[in-house]
Amino acid sequence: MIRGRAQRLAMGIVLAGLAAAPALAQKQTPPVGGPPKAFTVPAHESYALPNGMKVTLVPYGNIPKVTISLALRGGNIDEANEQLGVADITGQLVKEGTTSLSSQQVAEAAARMGSTLGVTVGADEVTVAMDVLSESGAAAVKLMADVVEHPLLPESELARLKTNMLREIAVAKTQPGQIALARFRKLMYGDHPYGHVLPTEETVNKLTIADAKKFYAANYGAARAHLYVAGKFDAGAVKKAITENFSGWAKGSAAAEKTPSPKTQRILDVTDRPGAPQSTLYVGLPVADPTSPDNVRLIVSNALLGGSFASRITSNIREQKGYTYSPRSQVSTRYHDAYWVEVADVTTKDTGASLKEIFGEITRLQKEAPGAAELKGIQSYLSGLFVIQNSTRQALVGQLRFVDLQGLGEDYLKNYVQRVNAVTPEEVSATTAQYIKPELMTIVVVGDKARVGEQLEPYAGDAGK
């Protein structure tokens with residue numbers, strides 16, 4: 001009985017404390033954040049094999065695991081317009097066994113190392129990656145070399161992979177975000193490979209095993225390859241495995257330069273989705289690529305404008321107006337190429353109003369420099385995010401790959417935080433005025449045309465429809 005009363009008394013005290021907590025929380029001021037910490041690239045070794053393959057070894061961390069990632073320069077950028085999808089099909093076929101191991105044996109070998117072997121095909125790179133126990137570092141290098149140098153590319157798997165791809169295309173074509181992205185990229189890049197977000201059913205159906213083998217022969221080779229090893233590993237054993245298993249890989253051809261010429265144009269493009277409760281917006285234009293001295297200023301300006309939860313556009317159309325739940329902007333990059341874009345799913349009745357507010361925030365930032373406190377908050381956010389994003393083996397490899405692909409040099413990572421925090425309010429305003437121009441933006445809308453048509457009339461421009 002006494003014990004029960006004591007328990008009830010204790011519970012009452014806890015509940016009273018909880019009830020008072022909100023009032024106390026409102027009176028508390030969060031502590032001032034510390035100074036931004038610079039990101040230090042771990043000591044690493046880089047070299048090249050005689051066949052041209054590059055190697056970067058990064059001892060990192062104390063966890064007994066190691067990430068091994070092979071980046072091949074190429075991918076969808078190398079697809080001909082009449083063979084869209086061949087890069088992705090080839091990448092999937094590469095995993096389906098080697099001349100000495102079946103696909104099951106490859107999978108089982110990776111599993112014994114505590115991993116899987118993954119192949120990812122992107123616009124500018126194909127990556128083959130494993131994250132294994134440290135003791136398996138050398139064995140993983142050997143397995144990866146066998147997979148990329150001696151793939152079986154079995155015709156028996158082609159029909160299944162094509163069926164999977166056709167299913168993915170069909171699903172993507174029902175999603176307004178995918179529809180809007182495909183239209184946006186097509187309008188900006190035309191027939192350049194960057195203008196193709198999805199393969200077509202026609203091109204996928206026509207692909208043959210001969211096409212995949214031809215694509216492999218033309219685009220997989222040591223001259224295009226860079227092997228990254230990051231984590232805790234036996235450097236001597238891993239270097240020996242790299243030499244023994246990759247030195248015999250044929251050099252192959254160098255990556256082709258296919259520089260895009262993205263269009264800067266005011267055009268309104270509307271895809272009709274009758275009855276849609278929301279409109280999906282893609283609004284943007286080409287901007288300076290990652291090699292530009294303005295790159296970091298663009299990143300900071302974007303974060304303040306629409307690229308963070310505390311950004312102006314997000315605060316406006318999400319918090320204040322309630323037009324959308326998750327708007328966002330970004331500086332989207334490819335090889336020596338970039339565009340700025342604001343993306344939002346907005347309520348149908350507020351489609352035009354959303355564009356008005358987006359463009360209004362851009363214009364306001366062009367004309368008025370942000371306050372020092374607002375900018376400092378964004379800089380602290382970017383600085384902290386950058387360090388956190390580089391706190392894993394995989395993320396570190398990703399950053400090194402980005403720097404190497406773009407040819408930025410190691411100082412880019414070393415000085416990034418310092419450069420972010422050196423941006424002034426006046427530079428944010430000037431950068432926005434120089435690059436983010438509403439009058440030159442491509443506007444893509446996927447929504448109910450009957451209900452949004454009149455709302456969009458002010459944004460059609462001379463080339464609109």
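Reader: A charge sits over a ring if NZ of Lys or CZ of Arg is within 6 Å of the ring centre and within 35 degrees of the ring normal. Which residue lies over the face of Tyr325?

Author: Arg318 does, at 4.6 Å from the ring centre. Please note that this is a predicted model, in which local features need pLDDT of at least 70 and side-chain atom pairs count only at pLDDT 80 or more, while totals for chains, interfaces and linings use all residues. Residues are numbered from 1 along each chain as its sequence is written, and side-chain values use heavy atoms, leaving out hydrogens and water.

Reader: And what lies over the face of Tyr194?

Author: Arg334, at 5.8 Å from the ring centre. Tyr194 also belongs to a cluster that ring pairs form with Phe184, Tyr189, Tyr282 and Tyr339. Rings of Phe, Tyr and Trp (its six-membered ring) pair if their centres lie within 6.5 Å; planes under 30 degrees apart are stacked, over 60 edge-to-face, and the rest tilted.

Reader: How many aromatic pairs are there?

Author: The count by this rule is ten. One of them joins Phe184 and Tyr339 edge-to-face, with 5.2 Å between centres and 65° between planes.

Reader: Why does that pair tie together parts that are 155 residues apart in sequence?

Author: Phe184 is in helix α6 (residues 176-189) and Tyr339 in strand β10 (residues 337-347), so the pair spans that separation. Helices (H or I, at least four residues) and strands (E, at least two) are DSSP runs, numbered from the N terminus.

Reader: Are Phe184 and Tyr339 buried or exposed?

Author: Both are buried, which means under 20% relative accessible area, with exposed over 50% and partly exposed in between (1.4 Å probe, protein chains only).

Reader: Turning to the sheet, what is the order of its strands?

Author: The open sheet of six strands runs β1-β2-β6-β3-β5-β4, with mixed pairing. Its edge strands are β1 (45-48) and β4 (118-121), each pairing on one side only. Two strands pair if DSSP finds at least two bridges between them.

Reader: How many bridges join β1 and β2?

Author: Four, in the antiparallel sense, with β2 covering residues 54-59. Glu45 stands opposite Leu57 in β2.

Reader: Which helix packs on the sheet?

Author: Helix α4 (residues 137-149) does, touching β3 (65-73), β5 (125-133) and β6 (225-231); contact means heavy atoms within 4.5 Å. The direction of α4 makes about 150° with that of β5. Axes are lines fitted to C-alpha atoms, for helices over the stretch in contact, and angles run from 0 to 180 degrees between N-to-C directions.
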